[in-house]
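Hi there,

Here is the structure I promised to send over. Have a look first, and then read on for what turned up in it.

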Amino acid sequence: MQIAEQIRPKEIGDLFSQNEKLRIPSYQRRYSWEEEQFEDLWNDLNTIDSDGSHFFGTIVFMSGTHVAQGTNEIDVVDGQQRITTISILLCAIRDHLQENYSEDEVRQRVGTIEENLWIVNRDGDKEGMRLTLGNLDHDSYESLVNGYIDEIDNDKIESAYEYFRGHLGEECSDLEEVKGLHDRILDQLIYVSITAKGHSEAYQLFETMNNRGLSLSPIDLMKNYLLMVASKREDANEDRVEDLWGEIIKNIDSLSDLNNAGTTFFRQYFMSSRLLGINQKITKSKLYEPNFVDIIDETDDIESLLEDIREKSNQFRKLLQQQIDQFSPSENAEINRLLRDAEIVSITPFTLFLRAFSESTDVDLLKEIIRKSNALLIRRQICDRNTGPHDTIFNHLAQNAFESDDPLQYIDEYLKSEGRYPTDEQFTRYFARENFSRSDRTKYVLSKIEEDHHGHGGKEVVESRYQVHIEHILPEHPGKNLTKLWLEPFEISDDEHDEFKKKIGNLTLLEEDPNIRASNRSLEKKQEYYTERKTDFKMTHELQEREQWGITEIEERSKSLALVATEVWKL
């Protein structure tokens, strides 16, 4: 294919006026633009000279069979984020016009925008939306195009719409400015259209653009290579491959709180899969090539491989979202709580968890695997161990532990060999001098000590340890009372305050209300909130009778809690 012959510069208005429906296939990523991208587009649109233009980039389509009469449907292979954002902006302009000007003033302009958003026949009847988004984004986008703003559930689409509505209200002072913006969108945004005839051509286009500096994610490259190979294999059902990939992407995209969710899942799938048997760390840079390319080239059954990936992507989603549901309600709750703790500590051991939940239905075994992983990583993190080997450790365990008659024994022996697991002496020493920030990990550490050492004290810990508050006994932040009530009475220097305020010995747990009230008060006043009447936390009750709280007391309590920690986080 000669790519140059496929390139045609166009105005974006052509895209929103031709008799073609644009479809974003289900295997594409969800809409994901954020404020940084909205702002760039808005600024670009508002800095175009009256006789100038702005290059909107290359958009790659894949066409099916062309019909002479009727509406053609073409897939958007690359450019879906930009096209969707323009459509959202058009909806924002339409609604701004309708809410701020009389119907007579804006009837014609609103009608034009409706024709941008809908395929309209000669009689003026709507025959369907011009742009159709993938499964997870479809309903919210349809609500937006229909003007049902309150029915938008998709946060990304809603954020884009609200951003543009806000800027239209603030920066477009009259009707002519709004019309001018709409005209610039249609007439002065220029894009290059490239149309591929099938997945094979689309793959070649993507490879060429990637080699010439277009930044494509590993997931984009994997998708296109997969569909290209499927289109060439007689035994592969191309529609089935598309559907399976779409379901995988749906599972991955539901992990909206996880950065680079697709890359993370595929790395951990490759390193955990019994089907693939990979015994090496998979890095992001080598995820697509050689690993994915080799896997697809070597498999005799693409559909079976994708079915396994789909199953594991759903399992991965359940693990990360703590939605394990195959056991009894109490067992599910306990496992999901352990998984929440594991996610706070590190996502790396989910490689092992993915394999474990595929191999076993033994609840006690699964709980022990999660607990041991947390113990290892807390010790390594506190002891400032290099994180580089973590992927290798959990890849090895995923691929080998379940070949043993006793997976837990195998895990213990492997972790205790070659210095992988810090000793009690090392852990105690580092734990006592660690600085603990205000974070979920610190809440987890204090809450586990409260539970395991004090016997599950504190209803907030039992219900959700991440709703508790971290109380600094020696106040953390400088204030007008810090010197008078703390530093001078307990002979603490400013440097000592900075050094010891975040040590574990200076931290305890409180519920929200007592924590706010205690604040920077004196030790005596704080102790009023450390009583059994004010808080459920037993570690906090122990502080009631203290008459002195200086550096010596913080050091002693840090060492004491460090000894407890060696029992809490052990194999």
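Is the crossing of helix 10 and helix 11 left-handed or right-handed? In this predicted model, the two helices cross in a right-handed manner. The residues in contact are Trp245, Ile248 and Ile252 from helix 10, together with Ala261, Gly262, Phe265 and Phe266 from helix 11. Sorted by class, that contact holds six nonpolar residues, one polar residue and no charged ones. As for the geometry, helix 10 (residues 238-253) and helix 11 (residues 261-272) pack at about 110 degrees, and their axes are 9 Å apart. An angle of 65 to 115 degrees counts as roughly perpendicular, so helix 10 and helix 11 are roughly perpendicular to each other.

The loop between helix 10 and helix 11 is where you will find Asn260. Although Asn260 is not a glycine, its phi is positive, at about 50 degrees. Asn260 is also exposed, with a relative accessible area of 51%.

Asp384 also has a positive phi without being a glycine, here of about 60 degrees. Asp384 sits in the loop between helix 16 (363-382) and helix 17 (390-400), and is exposed at 66% relative accessibility.

Lastly, please look at helix 12. The peptide bond from Glu289 to Pro290 is cis, with omega near 20 degrees, and Pro290 lies in helix 12.

Best wishes

Key. Residues numbered from 1 in each chain as written. Predicted model: local features only at pLDDT ≥ 70, side-chain atom pairs only at ≥ 80, totals over all residues. Heavy atoms only, no water. Axes fitted to C-alpha atoms, helices over the stretch in contact; angles between N-to-C directions. Helix = DSSP H or I, 4+ residues; strand = E, 2+ residues; numbered from the N terminus. Parallel < 35°, antiparallel > 145°, perpendicular 65-115°, else oblique. Left-handed = near helix turned anticlockwise from the far one by under 90°. Contact = heavy atoms within 4.5 Å. Nonpolar A, V, L, I, M, F, W, Y, C, P; charged D, E, K, R; others polar. Buried < 20%, exposed > 50% of the residue type's maximum accessible area, 1.4 Å probe, protein only.
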